[in-house]
Amino acid sequence: MRVLVTGGAGYIGSVISDQLLADGHTVVVYDNFSKGHRDAVAATAILVDDDLLNADSVLAALQTHKIDAVVHMAASSLVGESMTHPEKYYRNNVVASIRLLEAMQQAGVNKLVFSSTAAVYGEPARQPIGESDPTSPSNTYGETKLAVERALHWQCVAHDFRYVSLRYFNAAGATTMRGERHDPETHLIPLILRAARDPKQSVTVFGGDYPTRDGTCVRDYVHVSDLARAHVSALEALSRNQIREEVFNLGCGDGYTVNEVIEAARSVTGRPINVVVGPRRPGDPAVLVASSDKIKRVLQWSPRQGSLEDIVGSAWTWESKFLASVR
């Protein structure tokens with residue numbers, strides 16, 4: 001297939017692009033580089049440097065490159081920022097997605113895999129979370145992703161359109177070529193590894209008195225390469241007409257506590273890591289874990305790098321290589 005990957009220069013999007021290329025697909029990366037990196041675009045990918053809000057450019061990319069399907073990764077994704085700048089999140093996540101759907105309809109492209117989030121569930125009543133559980137986002141980011149999911153549903157009702165929405169919490173780890181380079185960095189594992197490299201830095205654990213096995217929050221962590229395989233599997237299922245409209249969770253199973261992630265990093269790096277226990281953050285549930293039973297059953301997907309040591313170790317290896325290359 002000829003696949004347009006929006007946000008393909010970002011952390012997850014670049015790994016998905018690499019996986020598509022490895023599987024023999026043609027990849028067109030569409031990115032405005034507000035967060036992505038030019039050196040994260042594979043040499044064999046075609047690059048369109050523009051914004052999804054530019055409707056003419058999106059349509060031209062779909063038509064010029066004879067696109068068969070879209071993997072839609074481009075989005076603003078910081079929960080805290082979404083609460084202080086909701087207008088930005090509605091513009092970048094909802095309006096831009098509608099522009100993409102309009103362009104796809106005009107160009108006759110009818111298959112899309114959407115990068116959603118388990119934040120659409122809000123604070124769930126049970127764990128692990130299932131796809132049929134109620135959606136009630138507790139932040140603007142989750143609300144905008146849910147709005148796009150609803151738009152995809154009605155696009156499917158009205159037109160010859162097929163989509164898969166993938167909901168997950170925490171992409172983590174690295175491949176040989178790609179890793180996390182966020183600015184600012186808000187993800188736990190890169191922050192822990194930063195503290196492992198610099199003894200002057202510390203990691204803040206927000207709350208040590210939760211009703212969990214060690215008092216710290218439990219979260220999902222899924223290796224980025226496993227996420228990439230899930231996106232490609234969903235795309236190929238759409239192309240085989242195996243699926244018309246589907247939502248899947250992607251999770252690691254039981255989840256890991258913050259302290260367990262820190263201990264894994266100590267083990268992998270062989271270095272001390274300073275920890276500061278701070279107060280709980282408002283709205284942080286004790287446990288957030290998504291069940292992946294459905295995607296395992298329907299698409300036969302399961303994590304290949306599910307252990308915490310694999311995830312943290314791959315991130316440490318990539319960071320060491322990357323930092324050495326930029327010195």
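**Labels and their grounds**

Mentor: Keep in mind that this is a predicted model. Which label would you like to begin with?

Trainee: Why is Ala107 called partly exposed?

Mentor: Its relative accessibility is 27%, and since buried means under 20% and exposed means over 50%, Ala107 therefore counts as partly exposed. The residue lies in helix α4, residues 86-107, and, leaving aside neighbours within four places in sequence, Ala107 is in contact with Leu59, Leu62 and Gln63.

Trainee: What makes α1 and α7 oblique to each other?

Mentor: Helix α1 (residues 11-22) and helix α7 (residues 224-239) pack at an angle of about 60 degrees, with their axes 9 Å apart. Roughly parallel needs an angle under 35 degrees, roughly perpendicular runs from 65 to 115, and roughly antiparallel is over 145, so the two helices are oblique to each other. The crossing of α1 and α7 is right-handed, and by class their contact has ten nonpolar, three polar and one charged residues.

Trainee: How do you know that strand β4 is paired with β1, and what joins β4 to β5?

Mentor: Pairing requires at least two bridges; four join β1 (residues 2-6) to β4, and these strands run parallel. Three bridges join β4 to β5 (residues 111-115), again in parallel, with Val70 standing opposite Leu112 in β5, while the bridge partner of Thr6 in β4 is His72.

Trainee: What makes both faces of β4 covered?

Mentor: Ala69 and Val71 on one side, and Val70 and His72 on the other, are all buried.

Terms used:
Residues numbered from 1 in each chain as written. Predicted model: local features only at pLDDT ≥ 70, side-chain atom pairs only at ≥ 80, totals over all residues. Heavy atoms only, no water. Buried < 20%, exposed > 50% of the residue type's maximum accessible area, 1.4 Å probe, protein only. Contact = heavy atoms within 4.5 Å. Axes fitted to C-alpha atoms, helices over the stretch in contact; angles between N-to-C directions. Left-handed = near helix turned anticlockwise from the far one by under 90°. Nonpolar A, V, L, I, M, F, W, Y, C, P; charged D, E, K, R; others polar.
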